[in-house]
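Welcome, and thank you for taking a look at this one with me. Below are my notes, point by point, for a first visit.

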Amino acid sequence: MKDNQKKFNRIQLTSKEKSELLIEGIVTIILLILLNLVIYMLLVQIFQSSLSIDKILNSFIPSIYDTFYDPNYFVWKKPIFFMLGLIDIGVLYWRLIRRYKQMQQRHIISELHYISNGHYDHRIPFDLNGDLGKLIRSINALVDSTVEAIEEERRIEQSKDELITNVSHDIRTPLTSIIGYLGLIEERKFSSEEDLLKYTHTAYMKSRQMKVLVDDLFEYTKVRQSNTPLSLVTFDMQQLIAQIVVDFELEASKKGITVDFIGNPSSLMMEGDTEKLVRVFDNLLSNALKYGVGGKSIIIHSERIGSESVITVKNDGQEIPKESLDLLFDRFYRVEESRSQQTGGTGLGLAIAQSIVTLHNGYIYANSENGWTSFVIHLPLKSI
Ligand code: ATP
Ligand code: MG
């Protein structure tokens with residue numbers, strides 16, 4: 001079990017502390033007994049010898065005087081002892097509690113030292129009432145948020161490293177081919193003009209592949225920044241989708257796939273950067289075309305739900321395995337490397353799409369079941 005999942009408990013005093021507390025108690029009791037004796041003797045002196053005090057007491061507060069004073073010195077002793085006893089108990093309690101609190105503080109300080117020595121998994125495991133309890137809870141919360149910030153920093157660092165590794169890998173592969181084919185040409189290792197054209201064509205195609213990757217990467221890093229400027233315009237989402245569908249139909253029909261758009265009965269007015277949103281739908285539609293193996297239909301559906309427009313892009317065909325669904329939006333993630341390699345994607349499309357949707361205060365997720373794969377986008381509508 002991790003330290004910070006430990007059950008919270010009361011502070012356990014060490015035997016040294018217990019004896020300290022005991023000695024403190026005994027010393028206090030002895031001091032109080034001595035003090036009581038002094039007070040008692042003083043009172044006896046006063047009541048025995050001072051007539052003036054008798055008179056003063058008698059004249060101002062006769063009833064109290066009557067109760068406290070008796071010529072035989074018995075009646076006044078009882079309440080005096082009772083009061084002294086109460087005060088003694090109060091003083092003893094106060095001294096012991098004060099000392100106990102000091103000990104609690106010592107325990108908290110040593111726990112803090114332990115954490116600050118690098119044991120960031122540890123939390124102060126005491127459950128106290130009052131201000132000390134509040135202090136412990138605040139310290140634990142502070143450690144939690146500090147650890148979270150450190151981990152976040154580490155994740156960002158790690159993800160940057162991964163990005164560099166992925167990019168270098170994805171650039172190196174086509175670059176190796178380009179150098180290979182250009183090397184053949186350079187060394188005149190081709191037998192015919194046809195060969196030469198084949199080599200240059202391959203080198204050209206690979207260069208284009210690299211350009212797509214670099215462009216995507218540039219776009220990705222741009223939209224990842226939360227302060228990316230958006231060119232906001234007010235537009236009707238229905239019209240935008242209808243336009244994209246028209247542009248897309250020809251490409252789809254070449255592959256024998258139908259594209260249908262089922263729109264909301266009324267317009268869906270939004271505020272957004274249309275150029276960036278078009279990129280989102282372009283990627284979703286080209287994905288549906290590329291990866292919907294065996295599919296015959298792509299359906300785009302838009303509707304108003306509350307204050308949101310919900311747009312679904314779905315295609316039939318081969319489903320995406322459940323375990324891949326959450327990873328789709330990770331950059332460079334491709335379901336089944338080989339299949340996607342063949343289709344030539346960079347694996348950045350959905351990561352870019354997600355960042356663009358987030359920049360518009362929306363969210364996107366994927367579903368894949370019953371022979372259909374759908375990508376659902378929620379975007380806020382313009383408030384009128
Ligand atoms: P890019 O879009 O950058 O050119 P890509 O299409 O490979 O490359 P994404 O758009 O991010 O990258 O998609 C990630 C992966 O998700 C794809 O490689 C594919 O395996 C899977 N995928 C995406 N859409 C679908 C879909 N409609 N049906 C099945 N698989 C899909
Ligand atoms: Mg894609």
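1. A term to begin with: a polar contact is a pair of N or O atoms within 3.5 Å; within protein, one must be able to donate a hydrogen and the other to accept it, and residues adjacent in sequence count only if both atoms are side-chain atoms. With that in hand, look at leucine 350, where a polar backbone atom is 2.7 Å from an oxygen atom of ligand 1. An oxygen atom of the ligand is also 2.6 Å from an N or O atom in the side chain of threonine 346. On the side chain of asparagine 315, an N or O atom is 3.0 Å from a nitrogen atom of ligand 1.

2. Before going further, please keep in mind that this is a predicted model, in which local features need pLDDT of at least 70 and side-chain atom pairs count only at pLDDT 80 or more, while totals for chains, interfaces and linings use all residues. Residues are numbered from 1 along each chain as its sequence is written, chains are lettered from A and ligands numbered from 1 in the order in which they are written, and side-chain values use heavy atoms, with hydrogens and water left out.

3. How many residues surround ligand 1? There are 21, and the closest are Asn287, Tyr291, Thr346, Gly347 and Leu350; a residue is near a molecule or strand if one of its heavy atoms lies within 4 Å of it. The shell divides into nine nonpolar, nine polar and three charged residues. Here Ala, Val, Leu, Ile, Met, Phe, Trp, Tyr, Cys and Pro count as nonpolar, Asp, Glu, Lys and Arg as charged, and the others, Gly among them, as polar.

4. Which elements build this shell? At least two residues each come from α8 (274-291), α11 (349-359) and β7 (372-380), and α8 gives the largest share, five residues. Helices (H or I, at least four residues) and strands (E, at least two) are DSSP runs, numbered from the N terminus.

5. The magnesium ion (ligand 2) is coordinated by Asn283 (OD1) and Asn287 (OD1), at 2.2 to 2.3 Å. Donors are N, O and S atoms within 2.8 Å of the metal (3.2 Å for Na, K and Ca); water is not among the atoms, so sites may look incomplete. Other buried residues of α8 include Lys276, Val280 and Phe281.

6. Aspartate 216 sits in helix α6 (residues 193-224) and is buried because its relative accessibility is 11%. Its side chain makes a polar contact with the side chain of arginine 279 (3.0 Å).

7. Finally, two loop residues deserve a look. Phenylalanine 332, in the loop between α9 (322-325) and α10 (337-343), has a positive phi near 65 degrees. Asparagine 370, in the loop between β6 (363-369) and β7, has a positive phi near 50 degrees. Are they buried or exposed? Phenylalanine 332 counts as buried because its relative accessibility is 9%, whereas asparagine 370 counts as exposed, at 70%.

How values were computed. Buried < 20%, exposed > 50% of the residue type's maximum accessible area, 1.4 Å probe, protein only.
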